[in-house]
Structures are given as C-alpha cells and as structure tokens.
Amino acid sequence: MLNILFFTPLVLFFLAVILGFFGILFHKEQVSRLSWWLFLGGTAILTAYLAARGVVAGRIPLSNQFEFATAFAWGIAVMLIAVQTRAKAEWIRVAAMPMTFLVLSYAALQPREITELMPALKSAWFALHIGSAVFSYASFVLAGCAGVRYLLISRKDHTAGQLVQIDYLSYRMVALGFLLLTVVILSGAIWAEQAWSAFWTWDPKETWALITWILYAIYLHLRLRKKLSGKVMAWMVVIYVPVVLFTFVGVNTLLPGLHSYG
Amino acid sequence: MKQKILKFLRSMTFGMILLGLIVACSLAGSLIAQGKEVMWYVKTYPGWYGILLKLGLNNVFYSWYFLVLMVLLCLNLTLCSLVRIRRVYRAAKNAVPNAAKRTTDIPLSPEKLAEFCAYLEDRRFRKTEIGDAVVYSKNSLGWYGSFLTHLAILLTVLFGAATLYLPQVMDETCLPGETLVMADGTEIAVDSFHIEDAQGNLDYASKIHVTLPDGRSSGIQEIRVNHPFGFGGYKIYQQTYGTAGAVTVRDKATGAEDPFTLTENCFLSADGRNGVWFEALYPDYSRDESGNFTLISQTSGRYSNPVYQILIASDGVQTPVLAFPGETVTVGGLEYTFEAPVEYPGLRIKQTPVIVNILLCGAFCLMILGLWFCFFGSPALVTVRPDGCAIGGPKPQGTRMELAALLEDGIQEKEEEKC
C-alpha cells in the first residue's frame, strides 16, 4: 500500500510534466490545466504517503536520504502551489514541476524500508532542523526556477513588468530560503552541542551548509545594497541550485562525516 | 589615506571579498580530509602533498590565515555596524516626516486612492497626517533588521570562538562501578550502562553520579546521546561505548577469587608461565556443518553471541581456544571462568562556562529576529496626497507589487516606464 502511495505521485508528476510541456509547446490551455490538476493530485497523494509513513514508522519521516528526498520533493510541490496561489505566478510551474519530479525520482532510487530512528536522531531539534532544511532547499530550488524563467523570457519581447515580478519573486524565495537555512544551521549548532558537545565541528555537511549560506548572503547583499537585479541575479540563483543539491546529496555520498547517516 | 583605509575596511566590498575567501577555505577544508597524519597526505596526494602541507590545507580551519580572515570579518562587521546604527537610527526617526515630504509619483484617481487607503488600513498600516500628506507606515522596527543581523553574526563569531577555545574537553572510558577523578577532585562515577533497552532498541544510556569536592552530589542521573548532564561546571556526554570481556579467576588451592575486566590483550597467570592469554572478544560467530567457526567482528548493538579468543599457555605450549561465556578453563592451578561481556560507556567531559553558551544562543535568536525584520518585517511607507501616492521605505518593491496586484494597472505601467 505504501509503495502504491509513493509511486502514484511519481507517475502523476511525470504525466504533469509531459502534459505541461505539450500545453506550452502547442499553446493548449486545457492541457496545461490538466497538467496542473495532475500535479495537485500527485501532491495530495504524496502528502498522504508521508503521513502514512510517519504513522507506520512512529516518527517524522525525515531520517534518511529517501525520506528527506521525498519530503524535499513534497516541499517543492507545496511551495509551488503556495506561490502559484498567492502570487498568481503560473509561469513558475514550467521549471518547478520537472524539479519536483526529478527530486522524487532520486528518492525512488534510494532504499525505502522503514528503519528504527537511531539514537543520535532522537532529539527535540530533529523536526525543526530537518523540516527547515526541506523548505529552505525547496525555496532555493523555486528561486532557481524563477531565475530560469527570467533568463528564458528576457531574450524575448516581454513586458518589463513581468520580468520585475519574476525577479522579485526569485528574491523573495531566496529571502525565505535564507532565513530557513539560518534556522537549519543554528538549530543544528544547538543540537550538535547537545549531541557531540560542540556547536560547530567543521563537518562536511556543516561546512557546505555554511558555503551555501554565504553564497546566498552574497546574493542578498548584491541585491539589497548594490541594488543589482535582472540577469546577473537570475544567473546567480540558477548557478546556486547545484550547490544546494550538492549540500543535500553530494556531501552525504561523497564526503563522509558526522552527518553520513542522513 | 587613513580615512580611505577605514572606509574600505567597513565597506561591503571588503566584506564580500572576505566571505569569498572564507568560502574558498571552506571548500578546501571540506574536500581535503582534515587533521590526518602527515604520512596520510603523502600517500593520498603524492604529487602535491608538499604544497598542501605548506599551505596548511590539512588543517585549514585552524590555520593562521583562516583566523586572520575571521578577525578581519569581525572588524568589518564591527565597523559597518557602528556606522550603520547611526544611519539606521536617523532613518527610523525621520522616516515618517521624510515620507511626508515625498512628491507623488504614482497618479491615482480619487476612487482608486480611496480603495488603496482602505487596503492599507486593512493591512494595519499606521496613519499619520502631516500637512496635506497622509503617511501610512508599517514595521518601524524593521529599520533595525540589517543592523541586528550583522550584530548577531558578529556576536555569533565571537561567542562561537569562545565556545570553541574556552572549554576543557576530556574523553574517558569508564567501566560500570568505576569512578573518574577530575583534577579538582570532582568524582564522576558510572553506576551502569546499557547499549540496548529492555525492548532491544539501541539506547546507549549510562547511569552516573557526580560528587563535587565540597561533597555535593548530583544523585543518580541518566545520560544518553542528545541528553548530556551538567553539574558543578561539568557537562557529561554519552559519547561512545565499548564491550569488554570479563573473567573470574579462582585459585583452586585457596578458593580465593578475583574478577578481571579484559579491555586489551593480557596474560593472566600465577607463575608467569602457565595461564591464559586473552587475545580478543568477538560479538558473534557462525559455525558451518563441519564445525568450523567464522568469527564476526562487527556489530552495532549488544554482543548477541560473544566468544573469547584465548591462548592456553601450559609448560611453554600455547593452544588457541575459543571460550564461551559460562565456560571454565583450568590451567596452572587456576580456574578461569569466562563471564558475559561488560558494556561500558565512553564519556566526554566538558568543563565550560555556561554563560558563553547562553550568550551564543542569544546571538542565534537575535540573528533570526534580525533576518525576519530584514525580509518579512521590512518598513513600508506610503505617502498619499489627493492626486496620488508615493511608495517609500528601504525595500519599496514589495509594496509596489502589492499595489500593482491591487490596482492591476497604474503602478505596473509606471514600472515599465521606469525600466
């Protein structure tokens, strides 16, 4: 049953991406709408899957690569829906839906069995630390998607108002992601003091989280103080997405450390 | 010249350069294994270990240049915060009077203007009337967001360094029933330790009690991963664990008994010639059909089928033997009874001023608050006059977007004209 709940959203997201692509290519509004409904359905089932897994495991399902990647895909989907609803930014779907599908596909490649929560993860900080990471990374990915959209349409004859909206949304997503990443790092530091006796140990995961934080801090400074916007900023948020993904996937697989169980 | 240097030291450009260099060092520090033996680098990086070691890339985060970068970052943050606080205070104080002086740059019809004013009041903007202008303002504390954030980063670096360098940390293993005595006379006794709880789940919990030199006692406390215990300036962490062999030696002639814990290779003997060599304790084993043993050396929890690997030394002849808990070996007039293994904790004992930790956590809270003010509580100022409005504040774009969404036109067109 759990497997069905997991693979159904994967299939729905795939169909949503394909239909969304055709909808844009052939300017078929109805196909695009169907794609969006499939995506919404996929998100709802994925929510149910995470809830069910949490009930079966008796804990928040965020304790390994599979669970985090699934929650990450869910985070992107939920934030995409929120952005779409609140900011009426339909254009962001084009890049964000494939990202959701890709992240969930990565999750599908990981071992899915439910394991006991290891003692190191039994902490009050667990939910805050990892939950913030899910939404922080999702915000950065959506900012990157907005950046892609900006770069694509800035070549064509689009109204400057649209570009300003995309640019601003991208900044807002970075701001939210940055705040949440700060929560991730600081809550992680307090947790580390409880678990390992030191707030900071220069573990590869910590170091890469700091690198990501500094890179986005540079983005925010350039934007807010130097008043830079437009293409340069769009390129930055796009280029930073692989850094975020490396912090999530690459560090765990390539750079062993205290977070290797994650 | 002095002014120029000072200006550069407090500039954002300098801050960005420092952050870039910190990123570069962090990259090196995460990609190159840190703190290994010199020979490890010689073997792993045969082509360029010389330059790697010369540049201190084997210990980047404790190198002199990384320390210099952090000091310069602190200097940059201090100087820019000092300049910023005056500027921010002035801007916050004069925000509304200055906004009242703004001329209208977004013309609006009276109906749209009324709709907009109602919207602002609905969004809890504060209304101030100055002359013919009405200034709607919100989030006045947001002026201090950037200052608070930078101050918090500075405090985090300073207190973080203090938590890194001030504490005295000791890693000790202690068998249940034994006591560790600290330099000041404080005694830390381990009463018991278990790897798994009653349900067989991994637990790693120790029961300890601490007695201070003045006689005050903590009483029995349980520590486990994520749940350290602090008492009398000491903080005790459940850090690692181990499993040791246990053997009771009985003198057949006198009946005297002595229990031993086997944590390392040792020779138990009365005459130094006949006795038992303890070689290793294995957590598990498997046995094939022909009776051959395969010893398993790795386990994550309790030793499920422990087995002792020993050598029985008798008159110069050594015989390798496997002994199981409960078994007795007799050699040289002594009886060696192998017991169930003993689980013991590895404790990390930290002596640290608690105030530094509290201050650091305070800096963390301040940083979150500052960032919230920066991004989500940013001051918004809208000046309304009979012919239209002007949008001000440090980040007017958000309010402009809201207004554009509200009115659907007007602002958007204005933006396009500006672009």
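What percentage of the 262 residues of chain A count as buried? The value is 61%, where buried means under 20% relative accessible area, exposed means over 50%, and partly exposed lies in between, with a 1.4 Å probe and protein chains only.

Good morning. The model is predicted, so to speak of a local feature requires a pLDDT of at least 70, side-chain atom pairs count only at pLDDT 80 or more, and totals for chains, interfaces and linings use all residues. Residues are numbered from 1 along each chain as its sequence is written, chains are lettered from A and ligands numbered from 1 in the order in which they are written, and side-chain values use heavy atoms, with hydrogens and water left out.

Let me start with chain A as a whole. Chain A has eight helices and zero strands; helices (H or I, at least four residues) and strands (E, at least two) are DSSP runs, numbered from the N terminus. The C-alpha trace of chain A spans about 55 × 50 × 30 Å along its principal axes.

Contact means heavy atoms within 4.5 Å. Of the contacts in chain A with a separation of 6 or more, 79% are between residues 24 or more positions apart. As for charge, chain A carries 19 positive and 10 negative side chains, and the centres of the two sets lie 11 Å apart. Here Lys and Arg count as positive and Asp and Glu as negative, while His and the chain ends are not counted; the place of a charge is NZ of Lys, CZ of Arg, CG of Asp or CD of Glu.

I now turn to single residues. Leu210(A) lies in helix H7 of chain A, residues 204–224. With a relative accessible area of 17%, Leu210(A) is buried. Not counting residues up to four places away in sequence, Leu210(A) touches Ile185(A), Trp200(A), Trp202(A) and, from chain B, Ser26(B).

In chain B, Leu18(B) belongs to helix H2, residues 12–31. Leu18(B) is buried, at a relative accessible area of 2%. Among the residues in contact with Leu18(B), beyond its neighbours within four places, are Leu69(B) and Asn76(B).

Where in chain B is Ser206(B) placed? Ser206(B) is in strand E7, residues 202–211, and is buried, with a relative accessible area of 0%. A polar contact of 2.5 Å joins its side chain to that of Gln238(B). A polar contact is a pair of N or O atoms within 3.5 Å; within protein, one must be able to donate a hydrogen and the other to accept it, and residues adjacent in sequence count only if both atoms are side-chain atoms.

Finally, two loop residues. Most residues other than glycine have a negative phi. Arg124(B), however, has a positive phi near 60 degrees. Arg124(B) sits in the loop between helix H7 (110–122) and strand E2 (126–130) of chain B, and counts as exposed at 74% relative accessibility. Asn139(B) also has a positive phi, of about 60 degrees. Asn139(B) is partly exposed, at 29% relative accessibility.
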